[in-house]
Amino acid sequence: MASHDFDVLIVGSGLAGLSAALHLAPTHRVAVITKRQLHDGASAWAQGGIAAVLADGDSFGAHVEDTLVAGAGLCDLAATRFVVENAPDAIAWLQQLGVPFSLEDGALHLTREGGHSARRIVHSTDATGAAVQRTLIDVVRATPGITLFEQHTLVDLITARKLGAKGSDRCLGLYALDEATDEVLTFRAPQTILATGGAGKVYLYTTNPDTATGDGIAAAWRAGCRVANLEFIQFHPTCLYHPHAKSFLITEAVRGEGGLLKLPASAGGTRFMPQHDERAELAPRDVVARAIDYEMKKRGLDCVHLDISHQSPEFLQEHFPNILARCAELGIDITKEPIPVVPAAHYTCGGVLTDLAGRTDLPGLFAIGETACTGLHGANRLASNSLVECMVFARAAAQAIAAAPAVELPELPQWDDSRVTDADECVVISHNWDELRRFMWDYVGIVRTNKRLERAAHRIALLQGEIHEFYSHFHVTRDLLELRNLVQVAELIVRSAQMRRESRGLHFSRDYPELAAPAAPTILVPPVA
Ligand SMILES: Cc1cc2nc3c(=O)[nH]c(=O)nc-3n(C[C@H](O)[C@H](O)[C@H](O)COP(=O)(O)OP(=O)(O)OC[C@H]3O[C@@H](n4cnc5c(N)ncnc54)[C@H](O)[C@@H]3O)c2cc1C
């Protein structure tokens, strides 16, 4: 079967991928390859909003400064300025496309979030991502020049080096598994963009959707690209803990409105935040997450409790209608009882190392959105800076692709599965998924130690051996591909954490509790095959 030929392949249909597709569609034949449906991904789940300097009295300098402070000395200044200065245009572009942002007196309504020194968060009530994603999907579907491949999972990138070609390496295309036929298809193009999102699913508890399995990061690494700052995983302090509630975020506004963190009744039922920080429940996100983690690990608890039941039912209905309704569905009446919560992996600050146009180390390969490490987030992401980063780098990558010289591509070999069979026991995959996510949570979570990282590294090596064998002998499935990628990303997170002999931003090590100088990113270089 011949390859599917395009000018540009885009893997991922979140804000980063769809923005790039729209910028390229007028001049290029674009394929958007996405492993579930178009709306599946973190972008549609974003709640708060998008940061941009739009208010009188606010300035690019202030937004840059706030980002640098959050990033704890590791933000790249050029990348930060680039995003901040292009953010207002990105918002204007979304408005032109028709995103229904919240307005006040006919102008964009701006909220303020933690870490921002001014009101600069553009939003669509408390479901910004869903509004943006819906609009983009409508426009993409109506745009000629974009071919959509839903339920197609990237298996691996095809590079000149992997084909044994002499001379310089480049990305030539990719293999993708078509869920409908179980066939692995070959896609060929001179330019490929990875926009596959983050890797939150590497942890037992995460606010991320099921798609966040680090596929783009792992594929780029296997193709020879450097990755950076992967030890910096942002944990949200309060995610609902319930066997049937996957990834439901309990907004920090609950603590802002007087919610108290308590031990479960079986452990005494008392408040614990005052013993950890004088700001108690109102301490910053990472301090609260660390305190909860400490109490859970010390006492062997499954969760802690967030109690807002002292507020009136009317107040809760007015301020937290979604949380009230979701908890009620699960049998938790938050007007009378506390909400069981755990901290959860929320955002992958590191990723595939790129320049200001989203170029990776491999010619013909770009990475944008949460998959990339552009230098914007440093050691900790400032709230609402990630959606805007997706759009700014999508446009920059599209411009770089439009200016790129033409490339002659060779014929690509078809996927060869003549020597593999159907897996005998799929339970191996689900077992390894569970094991990986649990030990990453226990050993490479919010508080790290040398010993915990060593333990994790040891287990990862065992899993890698087992998964490699599985991958070599059996037909690929999406679960297997995701597990293979998750284990790869887990290894990179652990190695990055082991290299950082200090505590900075989101990385906290009990063995190195202080900051070390000078501040430097953690860059991992793949082995040359
Ligand atoms: C609950 C929540 C709330 C958030 N709130 C905010 C906020 O208010 N403001 C803010 O700025 N940020 C917020 N974020 C972060 C922000 O949503 C993400 O960083 C951003 O949406 C990432 O966009 P993306 O396009 O890079 O990835 P995603 O939107 O995650 O899209 C990734 C795409 O890649 C596809 N994909 C993945 N692997 C493969 C594969 N192997 N083959 C094919 N396709 C693949 C997925 O299916 C998906 O379509 C929030 C995140 C979460 C989880």
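A: The domain assignment, automatic or from a database, gives domain 1 (4-229 + 349-402), domain 2 (240-343) and domain 3 (427-512). This is a predicted model: local features need pLDDT of at least 70, side-chain atom pairs count only at pLDDT 80 or more, and totals for chains, interfaces and linings use all residues. Residues are numbered from 1 along each chain as its sequence is written.

Q: What separates the centres of domain 1 and domain 2?
A: 31 Å, taken over C-alpha atoms. The contact takes 5 residues from domain 1 and 4 residues from domain 2. Contact means C-beta atoms, placed from the backbone, within 7 Å.

Q: New topic. Where is L362?
A: L362 is in the loop between β19 (351-353) and β20 (365-367). Strands are DSSP E runs of at least two residues, and helices H or I runs of at least four, numbered from the N terminus.

Q: Is L362 buried or exposed?
A: L362 counts as buried because it has 23 C-beta neighbours inside 10 Å. The cut-offs within 10 Å are 20 or more other C-beta atoms for buried, 12 or fewer for exposed, and partly exposed in between.

Q: And what does L362 touch?
A: Leaving out residues up to four places away in sequence, L362 touches T159, D169, R170, C171, A223, G224 and C225.

Q: Now helices. At what angle do α12 and α14 pack?
A: About 25° for α12 (residues 427-443) and α14 (residues 478-499), with axes 10 Å apart. Axes are lines fitted to C-alpha atoms over the stretch in contact, and angles run from 0 to 180 degrees between N-to-C directions.

Q: Which residues make the contact?
A: I429, N432, W433, L436 and M440 of α12, and D479, L480, L483, L486, V487 and A490 of α14.

Notes. Contact = placed C-beta atoms within 7 Å.
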